[in-house]
Amino acid sequence: MNSTDPTHAPLRDVAQSPEATARYLADIQRVLLDIGKNLEILAMETRVHCRGTHVEGDRWYHARLRALPVERELKNVLKHLHGLTEGLEKSAYKRNVFADEVKALPGKRQEKALAKERKKNPQPLQAAPESGERGHTDQNSGYGGPTSLYDLEEGKSA
């Protein structure tokens, strides 16, 4: 496609590949984390400056009270930035999960169809072979098998 094409979207290719989406979101996250470091430094410097700004007639706590709204807003910005970076991680993970589910879906549907078919047409149970010999009975049933050592010997000799 051409970049001058009005139907071309630059992130369409990225959105179609889970690996490309993860790389793109990781790049954005790196940029945001760098911005976050700068904002943390700005918040500390703003706090020092605003709390150090005293006006004549102030009590010791007036500068701190005036600085609190500014500090609170910078703290909120940092909190939202951290939430944004966590959201980017989560969305990359969910994108990979989506791709895995899409790949597994045909197999799941095939299994479901087979289970439905088995439910509609159950296999007839095979009757146990009826033999009159004592030694050839089912050993796992707990009934009808040898009851003593003498019976075991009879089965071997027969």
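In this predicted model, the side chains of Arg 66 and Asp 58 meet in a salt bridge with 2.6 Å from N to O, a salt bridge being a side-chain nitrogen of Lys or Arg within 4 Å of a carboxyl oxygen of Asp or Glu. Arg 66 is partly exposed, with a relative accessible area of 42%, and Asp 58 is partly exposed as well, at 24%; here buried means under 20% relative accessible area, exposed over 50%, and partly exposed in between, with a 1.4 Å probe and protein chains only. Because the model is predicted, local features need pLDDT of at least 70 and side-chain atom pairs count only at pLDDT 80 or more, while totals for chains, interfaces and linings use all residues. Residues are numbered from 1 along each chain as its sequence is written, and side-chain values use heavy atoms, with hydrogens and water left out.

**Salt bridges**

- A search of the whole structure finds 3 salt bridges.
- Glu 71 and Arg 51 form a salt bridge through their side chains, at 2.8 Å from N to O, and this pair links distant parts of the chain, with Glu 71 in helix H3 and Arg 51 in helix H2, 20 residues apart.
- Glu 71 counts as buried at 17% relative accessibility, whereas Arg 51 is partly exposed, with a relative accessible area of 23%.
- Arg 30 forms a salt bridge with Asp 27, in which the closest N and O atoms are 2.6 Å apart; because Arg 30 and Asp 27 lie 3 residues apart in helix H2, they are separated by about one helical turn.
- Arg 30 is partly exposed, with a relative accessible area of 49%, and Asp 27 is partly exposed, with a value of 42%.

**Helices and the chain as a whole**

- The secondary structure of the chain comes to 4 helices and 0 strands, where helices (H or I, at least four residues) and strands (E, at least two) are DSSP runs numbered from the N terminus.
- Buried residues make up 13% of the 158 residues in the chain.
- The chain exposes about 13,700 Å², of which carbon and sulfur atoms supply 57%; accessible areas come from the Shrake-Rupley method with a 1.4 Å probe, and for residues only the protein chains shown count as cover.

**Helix H3**

- The 59 residues of H3 should span 87 Å at 1.5 Å a residue, and its end C-alpha atoms are 81 Å apart, which agrees; the expected span of a helix is 1.5 Å times one less than its number of residues.
- A kink of about 40° lies at Leu 105 in H3, shortly before the proline Pro 106, the bend at a residue being the angle between axes fitted to the seven residues ending there and the seven starting there.
- The buried residues of H3, among them Ala 63, Leu 74 and Arg 95, pack against helix H1 (12-16) and H2.

**The nonpolar core**

- Leu 25, Leu 32, Leu 81, Leu 88 and Ala 92 are the 5 residues of the largest nonpolar core, a term for a set of buried Ala, Val, Leu, Ile, Met, Phe, Trp, Tyr and Cys residues joined through side-chain atoms within 4.5 Å.
- Helix H2 (18-52) and helix H3 (62-120) each supply at least two residues of this core, and H3 gives the most, with 3 residues.
- Leaving aside its neighbours within four places in sequence, Leu 81 is in contact (heavy atoms within 4.5 Å) with Leu 32, Ile 35, Gly 36 and Leu 39.
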